[in-house]
Amino acid sequence: MASHRKSRPVGTRAAGIRTPAFATAALTSVALLSQSANAAPADDKPSLEEVEKKVDDLYRQAESATDNYNAAKEKTTKQRKQVDTLLEDVARRTQTLNEAREELGSFAAAQYRTGAAAPGTATFLLADTPQDYFDQTQLMGRLTSRQKGAVDDYVSEQSATMKKRQEASQSLQALTETQRDLKTAKATVQKKLADARELLSELTAQEKARLAAIEQRRQQEADRKAAQLAQQQAAAEKAAQGAAAPRESTPTAPDSSYATKAAKALAFARAQVGKPYVWGATGPDSYDCSGLTQAAWKAAGVDLPRVTYDQVNAGTTVPLADAQPGDLVFFYDDISHVGLYIGNGMMIHAPKPGAYVREESIYYDGESGIHSVVRPA
């Protein structure tokens, strides 16, 4: 007898309640939506502070790559001059070698005309008189002696030419590698700057306004620290003037000649205020950071190296508290930025792409950003 009991619908039990299939699907959807909602904050855009830090990092990386670019560019110029000099030397030696080869050829022709064989009985028999034999023997002797000297000169010149050709080849290879480094550094700079511009372009007008407010607060804090340093330096100067040993006798105090040169460097730097930062530029219409300090001190008669990590070694390191106008202030562990100290915790520098040469607190990126202070030699 067939059973009249209805089949149990497919489903699950939740808290003792039978749940049909469509209800299970609904609960699953709710669960998935809940998970998505919980995961949403992780996908939110970065905060403005994070964006600002990222942009600053990109600019710093671009400036570090700029130093690599500047170093490779300077090295390329020197290597190209070296290669040109070597190639000119090789061309000159090759010409000398060709002349020596022609001289050897003329000796060979002369021997052929006078008789290539060594003088002997046969030659004597061919001579019309004993005097003819004697004259011919003397000529052959002279030709042989001169030819030997010519061969020695030819061999020596050939060896020197081959050596110069090898040097030229090696220098050309080194130049090619440096040009490759130059191209890589340039691409790195351009990529970092493009990334920074892209980040900034994604911000709304409201976010840009908030970012400007954050920057303003940072600037105010930097100015506060600069004023504090100025007070400390003024107090130290006053104390030194009243002390038995004047400040000028201390090793870190600049002499009058340094102060004169520093004044010239600062006058030059102030005249550049308002000119744009351009990576790799050394003036007169635009500068990067080390290009500005190099040009400023050149105006004072002091030649500084081109890049920051060489400039940092071009003088005497002094404590920040003893910084004097004209000193170089370096930033970050990789020494990728430099400014010209003007006193009272302030400096003139070429900050970054998109900015202009300006006066600014040395604490513009926080106290931890300062690497060292150097007094140019």
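**Figure 1. Side-chain contact between histidine 337 and glutamate 63.** In this predicted model, the side chains of histidine 337 and glutamate 63 are joined by a polar contact of 2.7 Å. Histidine 337 belongs to strand E5, which spans residues 337–343. With a relative accessible area of 0%, histidine 337 is buried. Beyond residues up to four places away in sequence, histidine 337 touches Glu63 and several others, including Cys289, Thr308, Phe330, Tyr332, His349 and Tyr364.

**Figure 2. The open sheet that contains E5.** Six strands form an open sheet in the order E3-E8-E4-E5-E6-E7, with antiparallel pairing. Strand E3 (315–318) and strand E7 (358–361) stand at the edges; each has a single partner strand, so one side of each lacks a neighbour in the sheet. From one strand to the next, the twist averages 40°.

**Figure 3. Pairing of E5 with E6 and the helices on the sheet.** Three bridges link E5 and strand E6 (residues 346–349) in the antiparallel sense. Leucine 340 stands opposite isoleucine 348 in E6. H6 packs on the sheet and touches E5, E6, E7 and strand E8 (370–376), its direction making about 115° with that of E5. H7 also packs on the sheet, where it touches E4, E5, E6 and E8, and its direction makes about 45° with that of E5.

**Figure 4. The largest nonpolar core.** This core has 27 residues, and those touching the most other members are Ala265, Trp297, Leu304, Leu328, Phe330, Leu340 and Ile348. Helix H6 (256–271), helix H7 (289–299), strand E4 (328–331) and E5 each give two or more residues to the core. Apart from it lies another core of 15 residues, among them Ala222, Leu229, Tyr332 and Val373.

Technical notes: Residues numbered from 1 in each chain as written. Predicted model: local features only at pLDDT ≥ 70, side-chain atom pairs only at ≥ 80, totals over all residues. Heavy atoms only, no water. Helix = DSSP H or I, 4+ residues; strand = E, 2+ residues; numbered from the N terminus. Buried < 20%, exposed > 50% of the residue type's maximum accessible area, 1.4 Å probe, protein only. Polar contact = N/O pair within 3.5 Å; in protein donor to acceptor, adjacent residues only side chain to side chain. Contact = heavy atoms within 4.5 Å. Core = buried A, V, L, I, M, F, W, Y, C linked by side-chain atoms within 4.5 Å. Pairing = 2+ DSSP bridges. Axes fitted to C-alpha atoms, helices over the stretch in contact; angles between N-to-C directions.
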